[in-house]
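Hi,

Here is the structure we talked about handing over. Please load it before reading on.

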Amino acid sequence: MAVIVVGWVYTLITVTFSVMALRQAQGNFIAEAPVVTKTGAAAKANTPPPKAFTDRTFDVFSKGSVLFGILTLVASKTAPDTLFLSRVRTLFFGCATVCAYVWGARLPASFTNVVHPLVTCCVIVLVIVQALGLATGSSFLDTLRTYKVGSLAPLKTGAGDVLLYLLGPSVVSFAIAMFSRRALLRQNLLVVVLATFVSSVGGLFGTAAFVRAISLGGADGRLVRLSVLSRNVTTALAMALTTMIGGDISIAASVVVLTGILGATYARTFLTAMGVVDPVCRGLGVGASSQGLGVASMSGEPDAFPFAAVAMVLTAMTSTTLVAIPAVRESLVSLATGAVTAAAAAAAEV
């Protein structure tokens, strides 16, 4: 948790204020938020914010959860180990997951500002998995394995596999906002390059130095240290990066998701509290530190959102490319673990 929290704050601050310094030098920095007219402010004050999802959406998925849940219990007793049970269970888990997220997102803002709906959703789904396991006589792990099977074959796939697949199109959809602000991105090419350099190099080597300084995992902590180095790289490339340096992809994915939840929940509030209103600084800072969840949280800021998306993508690509370079990879591993690798030792002898 120290690596996640301290690392997130470190990347958010270093990227934001590096970009701020360059923007000030260029004379493009926006120091104050635009003034809202009295009429507009009054209208906003008198209009309650809409709920995250419609009542109909929640109603459909809640009823679907109940229906397919009942069918799952019946099938588990009358037709165990059949294709029908497998497909009904997938539909039940899918509806229950979406319903849990919608319910969590519709909770009062005082709660969602502290606890991200994804956290609420995960807790509810784990409780449902446990309850279904007890009701059907299966263990928690066996039931969880039916949630994510690891296959997209229509007759085998689980709800988790489908939801994970949908992550790809959702990330690609960020390109729409990036394209709509392409002129603004071109005008700020230099600050985008600076943010990418600070987030990728600083994120990798800063994290490596920190895990070694706090002796993460103790004397035998090599695996966990290498697994957390990709904390600010989006999940798909974080797994590839972690594999290259010899870490554990399960730990890496967990750290990345938790970092994203932290950023999605607190990044905007954190920057606002620090007086950062410049959309370029806000977007690049959040995108570089908080991955896809953080980028999604910026969707309400149209001028900042494309910068958040491009920062997320470029940080992930640059970090992975750097680690693919043998000399950089060896230096990173050596810094994190404090051990001289075989390749480094051979190079030193030469």
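Predicted model: local features only at pLDDT ≥ 70, side-chain atom pairs only at ≥ 80, totals over all residues.

Cysteines first. The structure holds 0 disulfides. Cys99 is buried, at 12% relative accessible area. Cys121 is also in no disulfide. For Cys121 the nearest cysteine sulfur belongs to Cys122, 5.5 Å away. Cys121 is buried too, with 5% relative accessibility.

Next, helix α6. The helix runs over residues 117-136, 20 residues in total. At 1.5 Å a residue it should span 28 Å, and its end C-alpha atoms are 28 Å apart, so the two values agree. Its buried residues are Pro117, Thr120, Cys121, Val125, Val129, Leu132 and Gly133. Their cover includes α3 (55-78), α4 (83-105), α5 (109-112) and α7 (140-147). After α6 comes Gly137, with a positive phi near 80°.

Last, Arg282. Where does Arg282 sit? It is in helix α15, residues 279-297. Is Arg282 buried or exposed? Arg282 counts as buried, because its relative accessibility is 6% and the cut-off is under 20%. Its side chain reaches the backbone oxygen of Val276 at 2.8 Å. Beyond its neighbours within four places in sequence, Arg282 contacts Arg268, Leu271, Thr272, Val276, Val277, Met298 and Glu301.

Best wishes

Technical notes
Residues numbered from 1 in each chain as written. Heavy atoms only, no water. Disulfide = S-S within 2.5 Å. Buried < 20%, exposed > 50% of the residue type's maximum accessible area, 1.4 Å probe, protein only. Helix = DSSP H or I, 4+ residues; strand = E, 2+ residues; numbered from the N terminus. Polar contact = N/O pair within 3.5 Å; in protein donor to acceptor, adjacent residues only side chain to side chain. Contact = heavy atoms within 4.5 Å. Expected span 1.5 Å × (residues − 1).
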